[in-house]
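I opened the model to look up a few contacts and pairings. My notes follow in the order I took them.

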Amino acid sequence: MDFEAFFKSELDSLHQEGRYRVFADLERHRGQFPRATRHTAEGKRDVTVWCSNDYLGMGQHPAVIAAMHEAIDHCGAGAGGTRNISGTNHYHVLLEQELADLHGKEAGLIFNSGYMSNWAALGTLGQKIPGLIIFSDALNHASMIEGIRHGKCERVIWKHNDLNDLEAKLAAADPNAPKLIAFESVYSMDGDIAPIKEICDLADKFGAMTYLDEVHAVGMYGPRGGGIAEREGLMDRVTIIEGTLGKAFGVMGGYITASTALCDFVRSYASGFIFTTALPPTLAAGAIASIRHLKASPFERVRHQDRVKKMRLALDQAGIPHMPNPSHIVPVMVGDAAKCKWISDLLLDSYDIYVQPINYPTVPRKTERLRFTPTPLHTDADIEHLVNSLQQLWSQCALARAVA
Ligand SMILES: *Cc1c(COP(=O)(O)O)cnc(C)c1O
């Protein structure tokens, strides 16, 4: 086989469909988020980042930076091993306690990313619980899908956020089979929120465990940043709460929190936890500082919601169609892959606004969009510049405006 020709032709088809991914080469500037320098073949330009998952700007927070400096000076660069063989640093232990406390659970277990936490935890539960059936929301993240697939257990996909469909599918399954319902709180592309209480009610009715991905909610919702389940007083009803340290907490890593026995079980059996070098102590230290800060400080959350509201209002006034939802994610709908890319290229080249186009397979075809994530650090002037720029492009591109 001509391997090179194969790779190139596969890439060509991505180009033809307009969904070849081009990464923006950015240099973020601490103290100046959301500003960054973008490197290109033609030189460099300063841009405003409008699609970061560092939702609260904690990646530049002085307390986080200070904790990371202290940890690197104190412990050095890497962890030095897997968690089992010399790599467990005291910062890891403290971080797991901090996370258990955040979600009101007995224990926490950290992984090298949120992706790994979903893949390893769901995969291990699927493999090790005899006869387990996992009921998975149709819009679950790729890491959950891969984890469930890796679990090789029976899986049942239920319609996104549809309680009737979930109930019908639970009722149709063997009443004696152990069951687990896997879902997210805030869904990252549409920004909609799951009916957590009702899902837990169904779980109780059918004796199922619940697995909740709060990746797009931790740090941002609830009085201490515990997520949507904290805000709604439901944390004790969810069996496993999973989250990331890489989005609102501004660092990197993932985790689950649950009972002591469940976390110990995953710790003891999950290949993706056991056979990999532990997170560097600096990351654990930074995450601890970030979580502690956000447990005590409502300031970032309040300002975040204020910015989101301000941006939606400005879009409405300009007649730019955006998907309404109860979260901090502002999807501006374009509905065409090529146009979506064209608009984002022009925003970048002519207006110094960086927003990555979101195309298939991340979202269904015909729902291509620009996914804006305003942070507490975006100013009124930033919002005004963005909406004015969009307005100009919208007329040029002859896109249907929302009826004002
Ligand atoms: C980003 C994401 C993850 C993975 O988290 P990382 O820490 O980035 O690996 C998991 N679940 C959802 C819903 C996500 O959007």
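I started at Met189 and listed what it touches, with contact meaning heavy atoms within 4.5 Å. Leaving out residues up to four places away in sequence, Met189 touches Ile329, Pro331, Ile358, Thr362, Val363, Arg369 and Arg371. Met189 itself is in the loop between β7 (179-184) and α8 (196-206). I also checked Met189 against Gly225, 36 residues apart along the chain: their C-alpha atoms are separated by 21 Å.

A note on the source: this is a predicted model, where local features need pLDDT of at least 70, side-chain atom pairs count only at pLDDT 80 or more, and totals for chains, interfaces and linings use all residues. Residues are numbered from 1 along each chain as its sequence is written, and side-chain values use heavy atoms, with hydrogens and water left out.

Next I looked up the strands. Helices (H or I, at least four residues) and strands (E, at least two) are DSSP runs, numbered from the N terminus. Two strands pair if DSSP finds at least two bridges between them.

Pro331 and Arg371 came up again here. Arg371 in β14 is the bridge partner of Pro331. Strands β11 and β14 (residues 369-372) pair in the antiparallel sense over four bridges. I found an open sheet of three strands in the order β11-β14-β13, with antiparallel pairing. The edges are β11 (330-333) and β13 (357-358); each has a single partner strand, so one side of each is left without a neighbour in the sheet.

I then took the other sheet. It is open, with four strands in the order β1-β2-β3-β12 and mixed pairing. Its edge strands are β1 (25-28) and β12 (353-354), each pairing on one side only. I traced β1 against β2 (residues 35-40): the pair is antiparallel over four bridges. Asp25 stands opposite His39 in β2.

Is Asp54 buried or exposed? I call a residue buried under 20% relative accessible area, exposed over 50% and partly exposed in between (1.4 Å probe, protein chains only). Asp54 is buried, because its relative accessible area is 7%. I placed Asp54 in the loop between β3 (43-49) and α2 (62-75). I next looked for polar contacts: pairs of N or O atoms within 3.5 Å; within protein, one must be able to donate a hydrogen and the other to accept it, and residues adjacent in sequence count only if both atoms are side-chain atoms. The Asp54 side chain reaches the backbone nitrogen of Met58 at 3.1 Å and that of Gly59 at 3.2 Å. Beyond four places in sequence, Asp54 touches residues including Lys247 and Thr375.

I followed up Thr375, which lies in the loop between β14 and α15 (380-397). Thr375 is buried too, with a relative accessible area of 4%. Leaving aside neighbours within four places, Thr375 is in contact with Asp54, Tyr55, His304 and Arg307.

Last, I checked the ligand. A residue is near a molecule if one of its heavy atoms lies within 4 Å of it. There are 13 residues around the ligand, and Gly114, Asp213, His216, Thr244 and Lys247 come nearest. Helix α5 (residues 114-128) gives the most to this shell, with three residues. A backbone N or O atom of Gly114 lies 2.8 Å from a ligand oxygen atom. An N or O atom in the Asp213 side chain is 2.7 Å from a ligand nitrogen atom.
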